[in-house]
Amino acid sequence: MIATVHTSGFGRTGFGGLSMAICPDMMISLRSFVHFVFAFLLGGLSVAAIGAESLADPASLSSDLGQLTLRQAEIFFAARNREVQLGRRLVEGAEADRVSASARPNPTVAASTSKFNSRQGNYSGDLREKQMDSVFGVQQLFERGNKRELRMGIADYNISASRGESADIERQQRVALYSAYYDLVAAQERLKIAGETAAAYQKTIDAVEKRLKAGDISASDVARIRVDALRAQNDARAAEAERLKAQTQLAYTIGVEKDAAKLGAADGWPAASDVTAADLEKILSGRADVQAARARIAAAEKGRDLARAL
C-alpha cells in the first residue's frame, strides 16, 4: 500500500523541517497527513513483551567447602555451572526469536522533491519560495498465506526444542556432578587408607630398627620392610594426587575453581536401588534430548509449510 501526496504551485508549507511552495487550490493539510502517517505507523507496529523469569536464589552459597554435602553441591551447581547457564541463554535466545517472528513488517515512509523550477514563484525570494513537486509515500507490506502464524509456530517449536536441549545439558552436567562428587568420596577414602598404611609402616620401621640394634632381626629383613614402607608412601602420594584431581573436577562442575583445594565430601555412598526394564523405558522416553529432537522435527515441518505458503 502506498499513500502519496503530490503538490505543486505556490504557497508555503512544511513537513519535518522541509519547506516548499504549493498551490492553495491543490493543498492538502499536511498536519492531517502527518497525523495519518503516525497513526499508520503505530497501527503497523507490533510490540511484544517477554517476561524474564528470574532464577531462584540458591539457599546458601556460604557452605563450608571442607564439609560439602551433595545437597550443597547441587545448590552451587544450579547457580554457577557454566554449561547450565549456557543452556539457559540458548532458551532466552529462542524466546527472543519468538518475539522477532511475531513482529509484523514495519512500514516505510519516503519523501522526495523533484521538478524544481527556479523561474516560477517569487523570483527575488529564496529557494523555499520556488515552485517544486513533492511526493510523500508510506509503504506497508501485508503478508498472505498465514506466514506470520507459521513463523510463530516455528519459533514456538524451537523454544520447546531449546528447553529440551537445555534440560538435557543440565541432565548431563548433573551426571558429571554426581560422578565428580563420589569420585572425591572414593579418593578421600583411598587417601585415608593409604595414609594409615604408610603411618603403620613407619611405626614398623621404628620397631625393627630397635630390634636390629638388639640383634633380633637381620639387616635384609629391615631393608625389605623399608622398601615396603617406601611403596606405601608412594601409594599415599598417588592417592593425594587422585584426591586433588577429583577436587579440581568437582570445583569446575560447581563453579568454585579458586577454592578447589578446600573441597571435601561429607556424604557417604548412596544406597543401591533396583531399576526394572519398564522403568528404563519410561525414563528413556521422557529424556530431554528425545523431547528436544521431536520438537526440532515439528519445527522443520512448520518450516516446510512456510516455504509452501503463498
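Reply: A salt bridge is a side-chain nitrogen of Lys or Arg within 4 Å of a carboxyl oxygen of Asp or Glu. In this structure Asp259 and Lys262 make such a pair, with 3.7 Å from N to O. Please keep in mind that this is a predicted model, in which local features need pLDDT of at least 70 and side-chain atom pairs count only at pLDDT 80 or more, whereas totals for chains, interfaces and linings use all residues. Residues are numbered from 1 along each chain as its sequence is written, and side-chain values use heavy atoms, with hydrogens and water left out.

Me: How many salt bridges does the rule give?

Reply: The count comes to 12 salt bridges by this rule. Among them is the pair Arg89 and Glu92, whose side chains meet at 3.0 Å from N to O, and another is formed by Arg171 with Asp168, where the closest N and O atoms are 2.8 Å apart.

Me: Where do Arg89 and Glu92 lie, and where do Arg171 and Asp168 lie?

Reply: Helices (H or I, at least four residues) and strands (E, at least two) are DSSP runs, numbered from the N terminus. Arg89 and Glu92 both belong to helix H3, residues 82-102, and are three residues apart, which is about one turn of the helix. Arg171 and Asp168 are likewise three residues apart, about one turn, but within helix H4, residues 147-214.

Me: Which residues is Gln247 in contact with, once its neighbours within four places in sequence are left aside?

Reply: Contact means heavy atoms within 4.5 Å. With those sequence neighbours left aside, Gln247 is in contact with Leu184, Ala260, Ala261 and Leu263. Gln247 itself is found in helix H5, residues 219-254, and it counts as buried because its relative accessibility is 3%.

Me: Which residues touch the most other members of the largest nonpolar core?

Reply: A nonpolar core is a set of buried Ala, Val, Leu, Ile, Met, Phe, Trp, Tyr and Cys residues joined through side-chain atoms within 4.5 Å. The largest one here has 22 residues, of which Leu68, Tyr181, Leu250, Ile254 and Leu263 touch the most other members. The elements that give two or more residues to this core are helix H2 (70-80), H4 and H5, and H4 gives the most, with seven residues. A second, separate core has six residues, including Ile205, Val222, Ile225 and Ala229.

Me: What does the chain contain as a whole?

Reply: The chain has seven helices and five strands, following the pattern β-β-β-α-α-α-β-β-α-α-α-α along the sequence. Of its 310 residues, 32% are buried. Among contacts between residues at least 6 apart in sequence, 73% join residues at least 24 apart.

Conventions. Buried means under 20% relative accessible area, exposed over 50%, partly exposed in between (1.4 Å probe, protein chains only).
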